[in-house]
Amino acid sequence: MPHVPASQPLPRSAAEAPPLDDIDRRIIAELQTDGRMTNVELASRAGISPPPCLRRVRRLEEAGLIRGYHAETDALKLGWQIQLFAIVGLDSQRQTVLDAFEALVGGWEEVRECHMIRGGDDFLLRMVARDTAHENQLTERLTAAPNVTRVQTLQTIRTSKVLAGVPI
């Protein structure tokens, strides 16, 4: 079971998340590790009976602390041979320019994550490509996008760690 320290309060967000007790933290930690376990198994791991466990999970979902569930897939077996990151610089940081760029790449299926960043350029994208030719096409599309002044791509050689969620 993941370590869930009882003495450390979770930081409050601007949206004011509900207070969490040790059981809520255990539930979240367990679901981050395995979101497909049954409510009975989750209740057992959390040390409570199934009905209150289900109520707690629903409360955590309604509060937005648990935003969804997904399957972890094997990109290679699904035909996506390349994972790459792109650091993108724009010619302006006006909100309309930032919003337009996010909307543009938000419509590209190959863009799996889009992060606005601080400390140099403006965005960090995590993308997937089927092959090198596809990767080159993505780079060309990015370079040609409105307001884009700089694109640096970094191809992933291997990934040694990927964890869902955050430390609880």
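**Notebook: helix packing and selected residues**

I began with helix α1 (residues 22–33) and helix α2 (residues 39–46): their axes come within 9 Å and cross at roughly 130°. That makes α1 oblique to α2. For the angle classes I used these cut-offs: under 35 degrees is roughly parallel, over 145 roughly antiparallel, 65 to 115 roughly perpendicular, and the rest oblique. The axes are lines fitted to C-alpha atoms, for helices over the stretch in contact, and the angles run from 0 to 180 degrees between N-to-C directions. Helices (H or I, at least four residues) and strands (E, at least two) are DSSP runs, numbered from the N terminus.

I noted the source before going on. This is a predicted model, in which local features need pLDDT of at least 70 and side-chain atom pairs count only at pLDDT 80 or more, while totals for chains, interfaces and linings use all residues. Residues are numbered from 1 along each chain as its sequence is written, and side-chain values use heavy atoms, with hydrogens and water left out.

I looked up the hand of the α1 and α2 crossing and found it right-handed. By definition, a crossing is right-handed if the near helix is turned clockwise from the far one by less than a right angle, and left-handed if anticlockwise. On the α1 side, the contact uses Ile-23, Arg-26, Ile-27, Glu-30 and Leu-31; α2 supplies Leu-42, Arg-45 and Ala-46. Contact here means heavy atoms within 4.5 Å. I sorted the residues of this contact into 5 nonpolar, no polar and 3 charged. Ala, Val, Leu, Ile, Met, Phe, Trp, Tyr, Cys and Pro count as nonpolar, Asp, Glu, Lys and Arg as charged, and the others, Gly among them, as polar.

Next I took α2 with helix α3 (residues 50–62). They pack at an angle of about 95°, with their axes 9 Å apart. The two helices are therefore roughly perpendicular to each other. Asn-39, Val-40, Leu-42 and Ala-43 of α2 meet Pro-50, Cys-53, Leu-54 and Val-57 of α3.

Then I checked α1 against α3. Their axes come within 11 Å and cross at roughly 75°. That makes α1 roughly perpendicular to α3. From α1, the contact takes Ile-23, Asp-24, Ile-27, Ile-28 and Leu-31; from α3, Cys-53, Arg-56, Val-57, Arg-59 and Leu-60. By class I have 7 nonpolar, no polar and 3 charged residues.

Ile-48 sits in the loop between α2 and α3. Beyond its neighbours within four places in sequence, Ile-48 is in contact with Ile-23, Ile-27, Ala-43, Cys-53 and Arg-56. I also looked up Leu-76: it is 28 residues from Ile-48 in sequence and 40 Å away in space, C-alpha to C-alpha.

Arg-58 is found in helix α3. I have Arg-58 as partly exposed at 47% relative accessibility (buried is under 20% relative accessible area, exposed over 50%, partly exposed in between, with a 1.4 Å probe and protein chains only). The C-alpha atoms of Arg-58 and Arg-25 are separated by 14 Å, at 33 residues apart along the chain.

**Two buried residues**

Ser-92 lies in the loop between β1 (82–90) and α4 (95–106). At 11% relative accessibility, Ser-92 counts as buried. I found a polar atom of its side chain 3.0 Å from the backbone nitrogen of Arg-94. Not counting residues up to four places away in sequence, Ser-92 touches Val-97 and Leu-98.

His-134 belongs to helix α5 (residues 132–144). It counts as buried, at 13% relative accessibility. Its side chain has a polar contact of 2.9 Å with that of Glu-110. A polar contact is a pair of N or O atoms within 3.5 Å; within protein, one must be able to donate a hydrogen and the other to accept it, and residues adjacent in sequence count only if both atoms are side-chain atoms. Leaving aside neighbours within four places in sequence, I list Trp-80, Glu-110, Val-128 and Ala-129 as contacts of His-134.

Asn-147 is in the loop between α5 and β4 (148–155). I noted a positive phi of about 70° for Asn-147, although it is not a glycine. Most residues other than glycine have a negative phi. Asn-147 is partly exposed, with a relative accessible area of 29%.

Gln-152 is in strand β4. I have it as partly exposed, at 31% relative accessible area. Its side chain makes a polar contact of 3.2 Å with the side chain of Arg-150. Not counting residues up to four places away in sequence, Gln-152 touches Phe-85, Ala-86 and Ile-87.
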